Amino acid sequence: MVLPKLVNLLLNGLYTGSLAPDEYSEITSFYVYAGFINVFLTYGMETAFFRFYNKSKNKALVFSTALISLMVSLFLFLVLVYVFKTPIAEKFKVSEFVLLMMIGVVSFDILAVIPFAYYRAKGKALNYFGIRVFTLVVVNGLLNVFFLSWVDNYQIALPEILIFDDLETYVFVANFVANALMMILIVPMYLKFPWKFDRTIFNTMRKYGAPILMAGIAFLVIENLDKLILRDMLGKEAMGAYSACYKFGIFLMLFIQAFRMGIEPFFFSQSAKKNAKESYALVLKFFVIFASLGILMVLSFQDLFARIIIKNDDFLIAIEIVPIILIANWCLGVYQSLSVWYKVTDNTRFGMYFTIIGAIITIALNYWLIPKIGFIAAAYATLIAYATMMILSYVMGRSYYKIPYKIATMFSYLLVALSLTVVTRYLYPENYTFKFVAILVYLAFVIALEKESLKRLLVAS
């Protein structure tokens, strides 16, 4: 969804305007830990549900089995956390209140996994998006604005239970309330199916989800572990600044999301007359064109985008990571497009292998390079990890399901976009007219190389 990502960017501006880098780092830590717990406690059951719900004759039994399994494992986890909450809080450097708040947020997420998966499997997009947008965008967003802006600006008196010394705690409270409301809205789904548990179905789904669990943990290591390592090695201020500037990657992800939601289906539909491999090659080529344009636009207008998500200059000490993170996300997007080969050949285990290799690279490079070159090492580690995954997927894919990708042409788009970015950023940094001209030059380059492809698509449409 594009809207939650946009709200995330706007909230980032609110956070950086209200919090110091070390306080912002607490928010980052909260969601990093929550992400790992979420992946661990869902253990691939969401994807397994999609797989077996669609092919099963007894769909109600698949639903109830998946839901009961998550509820039981979550209950056992909650008991352990409550019993050992003090040492756990000390280990992860958070207060017991924040720990319990985090567990609450994650618990509501996990309890909503199967109901939301059901909505998506049944094509009930309005139910799914309606609840998520209302709770996670509207309610969470408004509560953040209320606590971090309105309370101070309008001198609103809060009840004693809502008075905290640390401002970042209000961010957690807002998320907790939004998730609790989300849970209330999906409770009727719990009453819709018979409560039955099938051990055979559970074991089949668990085995199917195991590689997804491993891949999910490995991906979170690549995406988030660098921030925790930075905190331990360089302090909370460095972590906070790095995490805030890392958000620039969301701008590129919005470009990628727009392509996949709007343009990618068009290319697939128009190229369906060709064989599948040519279709995959065409889609990846235009993905690269679009993503490279995104890099050019974000980096050319970086100062304008910074005004949206960075409200405090103290965070800008890490601004140099932005180009690296954008290119890393470009590699991730290409890797995800390349992954089609192991999906259509039922070799999905390779996705797990590639992600684990990326995670190992991330850990090794962060511990090796951060003491030598500082927080920028974390950005380079992310780039190298995703680039390695991309290259491995391409090379292995040629052996299992060879697709006629035009690699040289695709990389030429990235090279031209980066070259134009250098010109707009360093030769004419204040000339916005020239920045628009640079974008037009890139588009002219694309049209010159893809004239025939564009003609065929336009005629076919």
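A cavity is a set of grid points where a 1.4 Å probe fits but cannot get out, and its lining residues are those with an atom within 4 Å of such a point. The views below show a predicted model, which holds 2 cavities of 30 Å³ or more.

**Figure 1. Lining of the largest cavity.** The residues that line the largest cavity are Leu-338, Trp-341, Ser-393, Tyr-394, Gly-397, Arg-398, Tyr-401, Lys-402, Ile-403 and Tyr-405. Helix H17, which spans residues 376-400, makes the greatest contribution to this lining, with 4 residues. Sorted by class, the lining of the largest cavity comprises 6 nonpolar, 2 polar and 2 charged residues.

**Figure 2. Lining of the second largest cavity.** The volume of the second largest cavity is about 40 Å³. At least two lining residues come from each of helix H4 (59-83) and helix H8 (168-190). H4 gives the most to the lining of the second largest cavity, with 4 residues. In this lining, 8 residues are nonpolar and 1 is polar, with no charged residue.

**Figure 3. Crossing of helices H2 and H10.** Helix H2 covers residues 21-42 and helix H10 covers residues 236-246; their axes come within 7 Å and cross at roughly 70°. H2 is therefore roughly perpendicular to H10, because angles of 65 to 115 degrees count as such. The crossing of H2 and H10 is left-handed. On the H2 side, the contact is formed by Pro-21, Asp-22, Tyr-24, Ser-25, Glu-26, Thr-28 and Ser-29. On the H10 side, these residues meet Lys-236, Glu-237, Met-239, Gly-240, Ala-241, Ser-243 and Ala-244. The contact of H2 with H10 has 5 nonpolar, 5 polar and 4 charged residues.

**Figure 4. Crossing of helices H2 and H9.** The axes of H2 and H9 come within 10 Å and cross at roughly 160°. The two helices, H2 and H9, are therefore roughly antiparallel to each other, because an angle over 145 degrees counts as such. The crossing of H2 and H9 is left-handed. From H2, the residues in contact are Thr-28, Ser-29, Val-32, Tyr-33, Gly-35, Phe-36, Val-39 and Phe-40. Their partners in H9 are Leu-213, Gly-216, Ile-217, Leu-220, Val-221, Asn-224, Lys-227, Leu-228 and Arg-231. By class, the contact of H2 with H9 has 10 nonpolar, 5 polar and 2 charged residues. Thr-28 and Ser-29 of H2 take part in the contact with H10 and in the contact with H9.

**Figure 5. Packing of helices H9 and H16.** Helix H9 runs over residues 199-234 and helix H16 over residues 349-373. The axes of H9 and H16 come within 8 Å and cross at roughly 10°. H9 and H16 are therefore roughly parallel to each other, because angles under 35 degrees count as such. The contact of H9 with H16 comprises 19 nonpolar, 4 polar and 1 charged residues.

Note on methods
Residues are numbered from 1 along each chain as its sequence is written. This is a predicted model: local features need pLDDT of at least 70, side-chain atom pairs count only at pLDDT 80 or more; totals for chains, interfaces and linings use all residues. Side-chain values use heavy atoms; hydrogens and water are left out. On a 1 Å grid over the protein atoms alone, a cavity is a set of points where a 1.4 Å probe fits but cannot get out, and a pocket is an open set with protein on both sides within 12 Å along at least five of seven lines; lining residues have an atom within 4 Å of a point. Grid points are joined across faces, edges and corners, and a volume is the space filled by probe spheres set on the points. Ala, Val, Leu, Ile, Met, Phe, Trp, Tyr, Cys and Pro count as nonpolar, Asp, Glu, Lys and Arg as charged, and the others, Gly among them, as polar. Axes are lines fitted to C-alpha atoms, for helices over the stretch in contact, and angles run from 0 to 180 degrees between N-to-C directions. A crossing is left-handed if the near helix is turned anticlockwise from the far one by less than a right angle, and right-handed if clockwise. Contact means heavy atoms within 4.5 Å.
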